[in-house]
Protein chains: 2
Amino acid sequence: MTSAASLFTPPATGRTPDPSLAHRRATATVTLLGGSGEPLRDRDVVVRQQQHAFGFGCIGFGLVDHANGASTDPAFDEVFADRWLELFNATTLPFYWGRFEAERGRPDTERLLTAAKWFAERGITVKGHPLVWHTVCAPWLLEMDNAEIERAQRERIRRDVGEFAGVIDTWDAINEAVIMPVFTAEDNGVTRIAHEMGRIATVRMAFEEARAANPGATLLLNDFDMSTAYECLIEGVLEAGVRIDRLGLQSHMHKGYWGEERTLEVLDRFARYNIPIHFTETTLLSGDLMPAHIGDLNDWQVDEWPSTDEGEARQADEVERHYRTLLSHPSVESVNYWGFSDRGMWLNAPGGLLRADGSPKPAYDRLHGLVKGEWWLEPTTLRTDADGRVAFEGFLGDYELAPAGLPATSVRLTVPGAAHLEVQL
Amino acid sequence: MTSAASLFTPPATGRTPDPSLAHRRATATVTLLGGSGEPLRDRDVVVRQQQHAFGFGCIGFGLVDHANGASTDPAFDEVFADRWLELFNATTLPFYWGRFEAERGRPDTERLLTAAKWFAERGITVKGHPLVWHTVCAPWLLEMDNAEIERAQRERIRRDVGEFAGVIDTWDAINEAVIMPVFTAEDNGVTRIAHEMGRIATVRMAFEEARAANPGATLLLNDFDMSTAYECLIEGVLEAGVRIDRLGLQSHMHKGYWGEERTLEVLDRFARYNIPIHFTETTLLSGDLMPAHIGDLNDWQVDEWPSTDEGEARQADEVERHYRTLLSHPSVESVNYWGFSDRGMWLNAPGGLLRADGSPKPAYDRLHGLVKGEWWLEPTTLRTDADGRVAFEGFLGDYELAPAGLPATSVRLTVPGAAHLEVQL
């Protein structure tokens, strides 16, 4: 028995991991018809996958300057951009309040909007990160009382979600709310109001303002805390009637790869809320690991943290294992890798898929071999049968069909299993 | 901004720890009047503390047989009972469903009611523990579907809370809800329904059934998890409009005393909900500590776990430090020690205040020296002044005033600071 407003739902079946990834694939039978409805018989058709339905993402922080024509190293950035676009179909852009609006009333909107459009024009889904967070918080909030901080926070959400609507329609509405009210590393305005309002009212504030500014937006609750604490928060938020569109689970593995067992255990616990899961922040290192005793990863400050041959081989294996595990679970909808090149990587860590010089590590090739190899349909020439049908099997996503002598068309495979489609050209 | 039903309140001030315990003391000025209202001048009055307002509790499991006249070792139990009653004013009795009603429909009501009355008749406040818990759960629930389990659980709460009302008016309504839905050590009916209903609906079930059966009862949410997980649960429960009368914090310190700093940090985080805190389950060992790597304390099974001289000295110090720390915090209302003698102690641990042979350890004497010494007003003869007044200072609680040649009377000090009372004899 739940309250009237509750959005908590009992765990549903159908969330069993399947390493064969059958739940990610469809077998499409497409009937191609000519302009007057007649079957296009015995005709060559080139089928070409255009896009994955699954979100293969990576932060786009390193391309903001490039997208703005303000690169400080154009040669590096061009190769970087090509390799980025070759692999990913989703990105996360930085909206850390303390940087986005370091001076009150002067938000970095134009530069970020240009960057967001650059991605969107290339077919990349863009997410903004985050609207509410206690870290990298606007320093000028510290001069306000709590009522003013809350008002400023609400206005900030409405302004940014509104101004980016249509380009950015996915947001990490709030980040790390589990620790937010008891975060002690530095005084900040967001912790102050979260402590006073409580976590759930703070989460509600983030979601209701973002929803008001962009009712169609996809809003995430995002956290690094994979313990029962995050479960308790989620249940409280759902019970309070706040709709969570997607659950964000971080997985910065600076202290070592979780392994399949722990990853599936985490997925099992969080999948039970019947909310699609985004692995929002994934890092795997190609160098020494961070010591296990470090609590807040930000506490580990080193001058040099090199990528090593041994580390790169390990990283490639772990990237493959992590992505295979995540895709095996039907609840996971996307993975966002946290940093593309070791140049400018968070914490100076060797977590990129490219080295600092921009060259691909084995992990890049390995992930590419999955995303654009094993899980990708190479351009294939088929021939329609007497009823104008071609059949092919592939990962859910968008496919171009180009019949010989006719303009190409596209189909989208959204549901696993057998799909029967008809296209009139 | 919280929802209409929310019971979350912003943290209030006035919760600063004070090692002087001034917030636990009152300075009473009592005017004694004779039958026709005249001041009783220049008269000797013996003031005698009868009871502490603070709850100094201990589990009473070991006295259930004794209270029922069914002791298997009367000599031991009589001494045990005397020492118990000499120190404590509150107890917790066991209502573990799997033992209380091992066979469906045959609850152990009579025996527990006799025991509860035995304590109540001696001025001891009795709490029942717990109404909902996944451990020591009724095994016969496993044959039911979830709807039947929920119905049985609701009926159990109503029945027991109703049948004990007036004798037991304080209940651990639900125990360890943080881990309840993901508890994996053994399959049980309560975890099944908590997993399906979610934690908050499960907590609501416990509180609403207990409240319905005994509207005046004091109901606790009790947990061992002192992390942000418990905070998140509490906030979700309050936001959902479920009233928590008292917050129960366990402190089984089998792996070592927390120390003042951690204890006060925990208190600071949980006191902010403006709900009085009960330290419901305190254990400190007088022998070897449990290794730090043990997760669930129940996993540590040993044949012998002796109390040692060194351990007893350490335990005495730690008991004193722990009680001083807890009393220093204005939010703490009671402490319940978890086991009185090493005989029959949970996990076979040397956590008692008495040894297995019933003799007092130094910790018993140390705690007694506080509760009935430093924090207690010895019988004191005062003399009324010309207005019939006597003044004394003492811990909040009940005091008997016996004027020479007249029947004794009682006053209750409930508010710290100066108290002015008038008593007509």
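Predicted model: local features only at pLDDT ≥ 70, side-chain atom pairs only at ≥ 80, totals over all residues.
Trainee: Which domains is chain A divided into?

Mentor: Chain A is divided into domain 1, which takes in 19-51 + 378-424, and domain 2, which covers 54-374.

Trainee: How far apart are their C-alpha centres?

Mentor: The C-alpha centres of domain 1 of chain A and domain 2 of chain A lie 35 Å apart, and where the two domains meet, seven residues of domain 1 are in contact with 11 residues of domain 2.

Trainee: And how much area do they bury between them?

Mentor: About 660 Å² is buried between domain 1 and domain 2 of chain A, with 47% of it on carbon and sulfur atoms. On the domain 1 side, H23(A), R24(A) and Q51(A) supply 61% of the area buried against domain 2, more than any other three residues.

Trainee: Switching topic, which residues have the most contacts inside the largest nonpolar core?

Mentor: Those are F392(A) and F392(B), in a core that has 242 residues.

Trainee: What does F392(A) touch, then?

Mentor: Leaving aside residues up to four places away in sequence, F392(A) touches a set of residues including A26(A), V30(A), V47(A), L377(A), Y399(A) and L413(A), and T27(A) is also one of them.

Conventions
Residues numbered from 1 in each chain as written. Chains lettered and ligands numbered in written order. Heavy atoms only, no water. Domains from an automatic or database assignment. Contact = heavy atoms within 4.5 Å. Buried area = accessible area lost by both parts, 1.4 Å probe. Core = buried A, V, L, I, M, F, W, Y, C linked by side-chain atoms within 4.5 Å. Buried < 20%, exposed > 50% of the residue type's maximum accessible area, 1.4 Å probe, protein only.
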